[in-house]
Every structure is written in structure tokens, then in C-alpha cells.
2 protein chains.
Amino acid sequence: MSSNVTLKQIAEELGVSAMTVSRVINNKKNVDEQTRKRVLEKAASMGYTPNHVAKSLVSKKTHTIGVVIPEIHHAFFSEIVSGIEEVVYKKNYHLFLTNSAESSERERDVIEALKSKRVDGILISCAETSDDIEYYKRLVRDGTKLVFFDRCVENIGASCVSVNDETSSYQITQHLIEHGYKSIAHLHGPNKVSVGRERLKGFKKALEDNELQVNDKWIVESGFRESGGYEAMNYILNLPKNEWPRGVVAVNDPAAFGAIKAIKEHGYSIPDDIAIVGFSDDIRAELLPCPLTTIRQPAFTLGKKAAEKLIKTIENEDEPIENIQIVTEMIVRSSCGCNNS
Amino acid sequence: MSSNVTLKQIAEELGVSAMTVSRVINNKKNVDEQTRKRVLEKAASMGYTPNHVAKSLVSKKTHTIGVVIPEIHHAFFSEIVSGIEEVVYKKNYHLFLTNSAESSERERDVIEALKSKRVDGILISCAETSDDIEYYKRLVRDGTKLVFFDRCVENIGASCVSVNDETSSYQITQHLIEHGYKSIAHLHGPNKVSVGRERLKGFKKALEDNELQVNDKWIVESGFRESGGYEAMNYILNLPKNEWPRGVVAVNDPAAFGAIKAIKEHGYSIPDDIAIVGFSDDIRAELLPCPLTTIRQPAFTLGKKAAEKLIKTIENEDEPIENIQIVTEMIVRSSCGCNNS
DNA sequence: CTAGGAAATGTTAACGATAACATAATTATT
DNA sequence: AATAATTATGTTATCGTTAACATTTCCTAG
């Protein structure tokens, strides 16, 4: 594609060497003002576009980063991508977008492709099913610049940018407890994913700190999607009614939406029969008949920070490895029992 | 980044030529079974990853396409990207994601960058402010493979994939008219964007076919965002009350949301005082207190079709130029006056 | 006016892979 | 066994650009 004009062609037209043209194009000094002007004009008239492919081959830098997300069409991730793109554009990098579709196999596939493309670094949020830490370790060991975001693998030599999942989960569970509910369930995310584990940890800690019983029956794996939340909640609702929890902490908003659907289908109401809270502040959370109390994650910021960290890691040999936490905000609405009129 | 093992290194280790290794890696025939095995083993043990940069320089194909969207974090576009990614992955291409942020300047900037990256083709949805058709024409003339999606520039030698905007707009306007409303306003999109013009055309045609007056005061530019819809609606609500329209056709759902906010702030109710319909079936549309009647656009399909068309255009010299229309579906809820209890 | 240094320009090789052609090794054919 | 036909492998040049070094041109100072 593209006009495919080369430096050499410009050079020939002007009777100079390719090197001189290269110097002009790259704004190097030691070029006669006269020549510079002639080259620039000719380049413009011939519609020259520098060939980054050739440039990259020589410089071994592509000025390109790869992003691996588990799902593109999810507000949280698309907002993160938006933040990444912002930084990438400003820093004059380019962005390969790939999607693992929550499959560890596909994840490896796209990572290998990104390596072939010789990206300068990779931003990754692990797929739900990825558990081969060795693979990530090998990547790092072989020199691939890696920064994890949101769904992280910590302490393997790569920086991580995430939300303070554990403390946020603690905070919102605590809030529910302060309503006086004694029996609280947790719809938890996949165990393989850090986010799932961290939130479960915060949940348990809050219960323990309040000397409430952690009932294993009430800790049900829901995954991150609405359908999983629906099923998990149905499982709970199929317990004898005297074993029902009074409150539910969902691993994220979509799971909460599914759970809400299940509760309603059983003919019960929120928050009077069962109170529920989410995590992520999905765009729909405030629009529910009973608006959802949740944790707002600054996704755009998260994307920005992750991209910034990766680019720094690429550009500075001695950039330290960090675990960066982005602070969340609890958004209190009605589903927890507040503002209940 | 990456281990940077080269064909030549593998070749040296084995005492064969680089060419032989290349043949093995690319599964060419005429290689001894013995040699093939040895090469494959050595390549694996050395952690060889083929260098696509070098490959692309020779082949003049990058197997990469660029996508230019005006906004990443908008459900409609992220769903389109999702569809594009699906096809790109299956066809073994790669995807550069760029964002014009609704700025024509930035749009040109990212297109030039994509050309430098020697992408095989570009998918583009124009920025709101892009009006330099000459620029697109030049791109096409210079051989850049281009396919427009959603916000298109037709008849300049590039294929377009879009929703049947005009007929959909006609259909939903017609629906509003069938409720018996005689005075109908239109919050229209930027004139520079095909989508805006097409929807306005459909709106006007519906009015004319029903012998209703097209009142210029009621055709207000809102842009595509909530804030614009809010302002445009406020403009209308500041008309003397006897000049108010009874129904509103918004160019898209966000604009409708803004308008709804304005109407509520004025203390009026939907649809009893003013009925309103949107376009795009935003995820929030059904969750509003008065669920929004709107047009569902199969964004995922749109992305898929656009990517498929681009790849065909890249791979077949004589692929015809087409204007592909994706058929929408009207989603009738309550904001138009239906189901009003 | 001439040496010496700076400025402008040129030459060559390299980045990693492959196409196209050339040669060597093997097998088949008569 | 000799030659043709295959099959396996090697060599060279090239893609477009740039780094590193080489050469030429120009200017300045003694």
C-alpha cells in the first residue's frame, strides 16, 4: 500500500545521496540550508512517507506496544484502553490491540504474535483461565518488557498497576456490615485471577474483623459475567430460606446485575429482603430501579498509569519494578440499604 | 525486546545455511526430514521468534490493518472494534488501534502514522470535524486501501459499511408520527458526518410523507454527545411553550439522554409532555425510568463486515467497491408513548 | 595563501528475512 | 554405468533505512 516512495528515489531525483535525504528527514544538522529545502520540497511533492518497517529493522525499536485484554467490549476495559491510547499517542508510540477472549490459549497466541511484531513492550490483563505463571516468568526472563494491569501476576519481575482490590472490597463489605447485616455472602471471581482472590480476601477480612462467621456456603464462584452472577445467586436462593444471607457482596457489577435478576425472579426485593453491593461502577449501576452501591474504579487513570509505566520501563534500563495501586472510591447508592425510602 | 534469536544464529549452530532454516520455519518442502527435525528442535531450544519486521520489509506486506475511530470509550465503537478484532484474529492479521478523538487534525496525524507503519489497509470512521474530502480522495488515489465504517464518505473509490441510517431514521420518525404527534423536533448530528445527514434526511422524509410541517426551529444541532443533546433540548424548551414540539427524534441515544435530562429539569415528563426516541440502543436505554425507544445497531456485525471487506480489498486486486448496509432493528419501549401505563 | 578544522556530503555495511538462482547430493531411468 | 531428473542445500542480492566511517568542500586564522 501507500505510494512507496523511498529515500533513494528522492535522492536520485536530486542527484544527492540517500544519506543526505535521510539527514534532512530526520532533522539532523550539518545539512546545507539550500539542500534541506530542496529535499523537503521534493519529498513533499513525491508524497514521501518514511518507512517505519525499515527503520525498525535497523534500530530494533518499533515504538509500538501491544495490549492484551480479556474482553474488548466491556466498559471497564474499553475505558482502560482509552487511557492507554491517550498516553501512547502523546508519547508517539503505537498500539497493537489484542483480545485473549478470556482464553489462556488465545492469550499465548496473541503474545507470540506481538513478539513476532517486535513490539517494544506488552501491557497485559490476564485471561480468566490463565494459570501458567511459568509462561509469564519465561517472558520476563527472556527480556520482554511486561506490565500487568488490573488482573496481575505480582512478584515475577514485572510491574503491576491495579486497583486496591483488597482494601476496597474490605471497605464495601464493612459498609454492608455497618447496616447491621450479620449474614453476608460473596459471589467471587475466578480463583485464578488476582482480582478475584484479592476481593475475596478483603471480604473475609472484613467479616473476621467484625467477628462475623465466614460461611463457606455463601461463598460462591460467579465469574465476572452477568450469567455467572445469576447462577451463583440462584444457587444461594435454593438453600433453605433460613440459611439465606441478608447481604451480598458481588465481585463486580455485572455479577451483581445477574444476582439482582435472580433475586427478583424469586419475588424478593432489594435491599429489603437482600441487600447487595457491586464493584466497578458500571454505567448501568446508577440506573437500576434500586441503584447499586459499588466501588468506582478509575479505569482511564489505570490505563494511563499502566502505559506510562511500560513506556518508562522500555526507555530506562534501570526503571524499578513497582506494584502501583490506584485508589478507588465507594459510591453509596441504595442497594446496600442506604437512601431507602 | 524478545530474545532476538535470528535465523542465521540457528543456522550457524547447526552448520547449515540460513535459507535452510527459513525453509523449515516456513514449512516449505524440499527439506530433508532429518534436517527439518534438527532445525525445529534447535529453534525451539533457542526460543526463536520469527521477526515480522524483517519479513515485512521484504514482502511489503505487514499483515496489519489500522483502525481509526473517533472515540474509544463509547459502547458502540468498542463493540465495533470487538467485531473487527474477531475477524482480524481469525484471518491472522493484526490491528493498530488509533483514536482521532473527533479531531480532524489528529485523524490525519494517526493516518500518516499508520501509513508509516505500512499497514496493509485502514478502517476509518470519520471524526466529527473532518470535512476535507480531498484528503481522503488523495489517500485512495495514492493506493491506500481504505474502508469506511459507520461515518462514511461515499463514492470516492472506497467501500463503506454502514447502517441504513436514512431508512431507520424514517422508520422511527414514522413510529412517532403514528402516535398522533403532529409537531416533531430533531436533534441532529454534525452536518459534516454522513450519519448526521442521513438521519436528518430520513426524518424530513417521514414528515413530508405524512404532510407534516418541517419546522426549522425544531431542527437543532446537538452533536453526538449527552452534553450537546442537553443544550439543544434546552434551546427548544426556551421557545415559547406554544411553540414546543410534541415529539423529539434524537440523532443518537446519548443525545436523547441529555435531552431527557433537560426535559426533566424543566419539570416535564416523558412521554406525556414530550415523547422522545433515540438511535443506537445504548446499554442504558432500557434502564431509564422511562425506557427509551430506539434503533438497535448491530455494531459487532458492522465491525465484522467492515474488517472482512477491508481484508478482501487487500487480498483481491479486483475486489469491487461496495456500499454495504447493515439492517437495524427498531426497539419499541416507552419513551415514544407505547406501553405507557 | 595555505594548513587546519568545521561543515557538507558520500560510501559501505548492516538490520533479519527471503526470492531467485546456482550448485551439490541423491535417486530414477534406460 | 551413464545420464537425466529430483531433491536438498547454498549463495547472492534485495527490501528501506541508518550508523559509522570516509571524503570532499568550504571557511578561517596565522
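The paragraphs below describe the fold of chain A, the contact between chains A and B, and the surroundings of DNA strand C. The model is predicted, so local features are given only at pLDDT of at least 70 and side-chain atom pairs only at pLDDT 80 or more, while totals for chains, interfaces and linings use all residues. Residues are numbered from 1 along each chain as its sequence is written, and chains are lettered from A and ligands numbered from 1 in the order in which they are written.

Chain A holds 12 helices and 12 strands, where helices (H or I, at least four residues) and strands (E, at least two) are DSSP runs numbered from the N terminus. Its radius of gyration is 26 Å, well over the 20 Å that the globule rule gives for 341 residues, so chain A is more spread out than a compact globule. Here the radius is taken over C-alpha atoms, and the rule is 2.2 Å times the number of residues to the power 0.38. The C-alpha trace of chain A spans about 90 × 40 × 30 Å along its principal axes. Buried residues make up 51% of the 341 in chain A; a residue is buried if 20 or more other C-beta atoms, placed from the backbone, lie within 10 Å of its own, exposed if 12 or fewer, and partly exposed in between.

Strand 5 of chain A (residues 159–163) is largely enclosed by the rest of the structure, because five of its five residues are buried. On one side these are A:Ser159, A:Val161 and A:Val163, and on the other A:Cys160 and A:Ser162. Strands count as paired if DSSP finds at least two bridges between them. Strand 5 of chain A runs parallel to strand 4 (residues 146–149) of chain A, with three bridges joining the two, and A:Val147 stands opposite A:Ser159. Four bridges link strand 5 of chain A, again in the parallel sense, to strand 11 (residues 323–326) of chain A, where A:Asn323 faces A:Cys160.

Turning to the protein–protein contact, 43 residues come from chain B and 43 residues from chain A, two residues being in contact if their C-beta atoms, placed from the backbone, lie within 7 Å. On the side of chain B that touches chain A, helix 5 of chain B gives the most, with six residues. By class, this side of chain B has 16 nonpolar, 17 polar and 10 charged residues. The classes take Ala, Val, Leu, Ile, Met, Phe, Trp, Tyr, Cys and Pro as nonpolar, Asp, Glu, Lys and Arg as charged, and the others, Gly among them, as polar.

Around DNA strand C there are 24 residues, of which A:Ser17, B:Leu7, B:Ser22, B:Asn51 and B:Ala54 come nearest; a residue is near if its C-beta atom, placed from the backbone, lies within 6 Å. Helix 2 (18–25) and helix 4 (52–59) of both chain A and chain B each give two or more residues to this surface, which has 13 nonpolar, nine polar and two charged residues. In helix 2 of chain B, the buried residues are B:Thr20, B:Val21 and B:Val24. What covers them includes helix 1 (7–14) and helix 3 (33–46) of chain B.

A few backbone details complete the picture. The peptide bond from A:Ile270 to A:Pro271 is cis, with omega near 5°, as is that from B:Ile270 to B:Pro271. B:Lys60, in the loop between helix 4 and strand 1 (64–69) of chain B, has a positive phi of about 60° although it is not a glycine.
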